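Hi everyone, thanks for making time. I'd like to walk you through one structure, so let me put it on the screen.

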Amino acid sequence: MTPTDTLLILFGGIFAALAVASLIGGMLRWRLQAGQASGVVDNLNARIKAWWWMIGALALAFWGGKAGVIMLFAFISFQALREFISATHTRLGDHRALLWCFLFFLPLQYGLIAIDWYGLFSILIPVYAFLLLPISATLGADTTRFLERAAKVQWGLMICVYCISHVPALLTLEIPGFAGQNLQLIVFLVLTVQSSDVFQYVWGKLFGKHKLSPEISPSKTLEGLVGGVLTSTAVGAGLWWITPFNPWQAALVALTINMLGFFGGFVLSAIKRDRGLKDWGAMIEGHGGMLDRVDSISFSAPIFFHIVRYWWVP
Amino acid sequence: MIEKILAAVICHFATLLTGVRARWLGSLPDGRVRVYYANHRSHGDFALIWATLPKRIRERTRPVAGADYWLKGRLRTYLINRVLRGVLVDRQAGHTDQADKPTGDPIAAMSAALAAGESLILFPEGTRNLGDGLLPFKSGLFHLARTNPAVELIPVWIENLGRAMPKGSLIPLPLLCTLTFGPALTLQTSEDKAAFLARARQALLDLAPPAD
């Protein structure tokens, strides 16, 4: 089976599953009386619709090869950073530093993946942006809450650009016996982590009793966490054949990135609550913003990248 | 015709750049004659309010603008008079050093527009605020409310545009802007100027996101 065949089978399978989900969602909606509102069913249908968009965008990007994937995730980073900075309080003195984030560091970070310069890719934001952005901010000559503002800008850049850029960076890894199949690593990561979000939601709705931390995220329950993470770990293990892992390695990697993904959502919820927000944005109507969708990817992608790079790249 | 196209272009461009969304809390967009009053931090503020109003309301809504700024240069004069259809007022009433200055009392000019069935957009701070929060209000809003007691005043908090395009910066930041429209206010009988302005200012501040 060629890598292209594998991808065709994968996406064919996902689209078929989505079609079934849409059918069920449509039937549930139809069974309700006309005009009768059901938050759960509507929410379910909104989630299925978001999945169509997500998988459709991914398929389109894959069709464009490495450049397509880099462009897709650069756009995701742009939108996420936009939402993060929009919700974060900065001052006039930060304007120039923020321009540097959007117009220099974001494009450069993705450009470094395109030219495969790993050395600079891995330190551009943690070292260079970390040092240069506060310098730029001091030139704004405003010391009010300076450390806090510098931290917010750096955090936004780390979460939205640095972390997320590790997804397309998976394409630069040279794994023996896996040449030409790196796109499948992205499918493994995205499918495992995003399905974890879905299964947590489903398990939480069906069996959720014990709230994990109502002050951070009122909808997250212990039952949802355990059931969701275990189910999507099984999904990850079942996908071992598209990865360089054997089944138990795939399960362990999936468990790790699911846990990280869960806490990614948790950490970003804490920031949202602090800012008095329910969602990061309104990109998909009634369904939150980009950052609501990719918070789990952001926390899991760099660790996934390093696991693969440390143990599978000689 | 060309003015209508330009107005539509301005609205679409503002929406594209800022991803602006409107939240109506306690009031709804409708055709009633109203005074929308908002915080003012950027030249784009007016365009953003315009862009979030439905087209039929937008066409009946005019900004109140400072003549001293807008009548400098032919482009600005054309924009404010023909495209934005501004109600020009003299911010330094009493100083008569401008040849092209609008005549008469600002409140009379605004009231005439209201009487003609058109809504107004007003920035009661009187100037662009370069800091955070809200400057003290000028008394224009009070006089307008007293002269036109039937007209609803709608507070509009504009979030983020001042950060996206602050004064003196050439390149705008691609931040997402939110406009929050609050419940309508009217002048109460026996309410004096200071009390009314304080209440109107607080109603606007109540729409702002929490400061940290």
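Let's start at B:Pro63, which stands opposite B:Ile121 in strand S5 of chain B. Before I go further, please keep in mind that this is a predicted model.

S3(B), residues 61-66, pairs with S5(B) in the parallel sense, over three bridges. S3(B) is also joined to strand S4, residues 87-89 of chain B, by three bridges, and these two strands run parallel. If you look for B:Ala65, you will find that its bridge partner in S4(B) is B:Leu88.

Back to B:Ile121, please. Which residue has B:Ile121 as its bridge partner in S5(B), apart from the proline I began with? That is B:Tyr36. The strand involved here is S2, residues 34-38 of chain B, and S2(B) pairs with S5(B) in the parallel sense over three bridges. S5(B) itself, residues 119-122, is covered on both faces: B:Ser119 and B:Ile121 are buried on one side, B:Leu120 and B:Leu122 on the other.

Let's move on to the rings. Over all chains, the structure holds 26 aromatic pairs. One of them is formed by A:Phe11 and A:Phe15, a tilted pair at 6.4 Å centre to centre, with 40 degrees between the planes. Both residues lie in helix H1 of chain A, residues 3-31, and they are four residues apart, about one turn of the helix.

B:Phe46 and B:Trp50 are tilted, 5.0 Å centre to centre and with 40 degrees between the planes. These two are separated by about one helical turn, because they sit four residues apart in helix H2 of chain B, residues 45-52. B:Phe46 has 7% relative accessibility, so it counts as buried, and B:Trp50, at 3%, counts as buried too.

Returning to chain A, ring pairs link A:Phe11 and A:Phe15 with A:Trp52 and A:Phe62 into a cluster.

Rings also come together with arginines here. In chain A, A:Arg47 lies over the face of A:Tyr201, at 3.8 Å from the ring centre. In chain B, B:Arg76 lies over the face of B:Tyr69, at 3.9 Å from the ring centre.

My last stop is a helix pair. As you know, two packed helices are described by the angle between their axes and the distance between the axes. In chain A, helix H5, residues 118-138, packs against helix H6, residues 146-163, at an angle of about 150 degrees, and the axes are 10 Å apart. An angle over 145 degrees counts as roughly antiparallel, so H5(A) is roughly antiparallel to H6(A). Which hand does the crossing of H5(A) and H6(A) have, left or right? The crossing is right-handed.

Notes: Residues are numbered from 1 along each chain as its sequence is written. Chains are lettered from A and ligands numbered from 1 in the order in which they are written. This is a predicted model: local features need pLDDT of at least 70, side-chain atom pairs count only at pLDDT 80 or more; totals for chains, interfaces and linings use all residues. Side-chain values use heavy atoms; hydrogens and water are left out. Rings of Phe, Tyr and Trp (its six-membered ring) pair if their centres lie within 6.5 Å; planes under 30 degrees apart count as stacked, over 60 as edge-to-face and the rest as tilted. Buried means under 20% relative accessible area, exposed over 50%, partly exposed in between (1.4 Å probe, protein chains only). A charge sits over a ring if NZ of Lys or CZ of Arg is within 6 Å of the ring centre and within 35 degrees of the ring normal. Two strands pair if DSSP finds at least two bridges between them. Axes are lines fitted to C-alpha atoms, for helices over the stretch in contact, and angles run from 0 to 180 degrees between N-to-C directions. Angles under 35 degrees count as roughly parallel, over 145 as roughly antiparallel, 65 to 115 as roughly perpendicular and the rest as oblique. A crossing is left-handed if the near helix is turned anticlockwise from the far one by less than a right angle, and right-handed if clockwise.
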